[in-house]
Amino acid sequence: MAEPKRRILVVDDSKEIQDFFRLILEEAGYEVFAAASGEEGFAKTKTLKPDLILLDFIMPGMDGLEFLTRLRSDLPPPLPPTILCSGFELSEEEALRRGALMFVRKPVAPADLCEFVALGLLGERVSAETAARERANSAAARTRARQTAATFVAGIRREVERRAVGQMAWLAAYFGL
């Protein structure tokens, strides 16, 4: 008989992140559930009893730190390991102090996500080397995104300026200036 799939709960207010994590983790053989808020995630934690939770930090209503606090205070053990994920620079120590097994920076590479989930399911934290690699990967991805956005905005700016010059010339000619 086949072993049941491990259940992962993704708690994130971004549908894109939910879909990305679902795609990667289902491909890796996990059963994935999603919640769009801390409140919904907390309710699903009680009913689904996931094997692991991937938790966003910044969400409207109940944020990730409050979720961790309520998880520890309101539910009986054993509690699922929780990986706090954020695209913001935060205090990793605070997340760990409140009970997160580990802290992961967004964006996270698919291979890193699978590695972190596998370790989390074993109740293990990432090594210092893996954490450093993940931080470097995330920083590089953010730099690429900023560079791409800057190039895009510069292109729009040039086009707006080009059109404005043409419009000003037309207006000057129209009014005989």
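Biologist: At the start of helix 3, which backbone nitrogen does a side-chain oxygen of Asp63 reach?

Modeller: That of Leu65, to within 3.1 Å. A polar contact is a pair of N or O atoms within 3.5 Å; within protein, one must be able to donate a hydrogen and the other to accept it, and residues adjacent in sequence count only if both atoms are side-chain atoms. Helices (H or I, at least four residues) and strands (E, at least two) are DSSP runs, numbered from the N terminus. The model is predicted, so local features need pLDDT of at least 70 and side-chain atom pairs count only at pLDDT 80 or more, while totals for chains, interfaces and linings use all residues. Residues are numbered from 1 along each chain as its sequence is written, and side-chain values use heavy atoms, leaving out hydrogens and water.

Biologist: Which residues of helix 3 are buried?

Modeller: Buried means under 20% relative accessible area, exposed over 50%, and partly exposed in between (1.4 Å probe, protein chains only). In helix 3, residues 64-74, the buried ones are Gly64, Leu65, Phe67, Leu68 and Leu71. Because they cover an arc of only 160° around the axis, they lie on the same side of helix 3. The arc is taken from the directions from the helix axis to the C-beta atoms.

Biologist: What do the buried residues of helix 3 pack against?

Modeller: Contact means heavy atoms within 4.5 Å. Their partners are helix 2 (38-48), strand 3 (52-56), strand 4 (82-86) and helix 4 (92-97).

Biologist: Where are cis peptide bonds?

Modeller: One runs from Pro77 to Pro78, with omega near 0°; Pro78 is in the loop between helix 3 and strand 4. Another runs from Lys106 to Pro107, with omega near -5°.

Biologist: Is Lys106 buried or exposed?

Modeller: Lys106 counts as buried, at 12% relative accessibility. Its place is the loop between strand 5 (102-105) and helix 5 (110-121). A polar contact of 3.0 Å joins the side chains of Lys106 and Asp56.

Biologist: Which loop holds Ile58, and what does Ile58 contact beyond its neighbours within four places in sequence?

Modeller: Ile58 is in the loop between strand 3 and helix 3. Leaving those neighbours aside, Ile58 is in contact with Asp13 and Phe88. At 39% relative accessibility, Ile58 counts as partly exposed.
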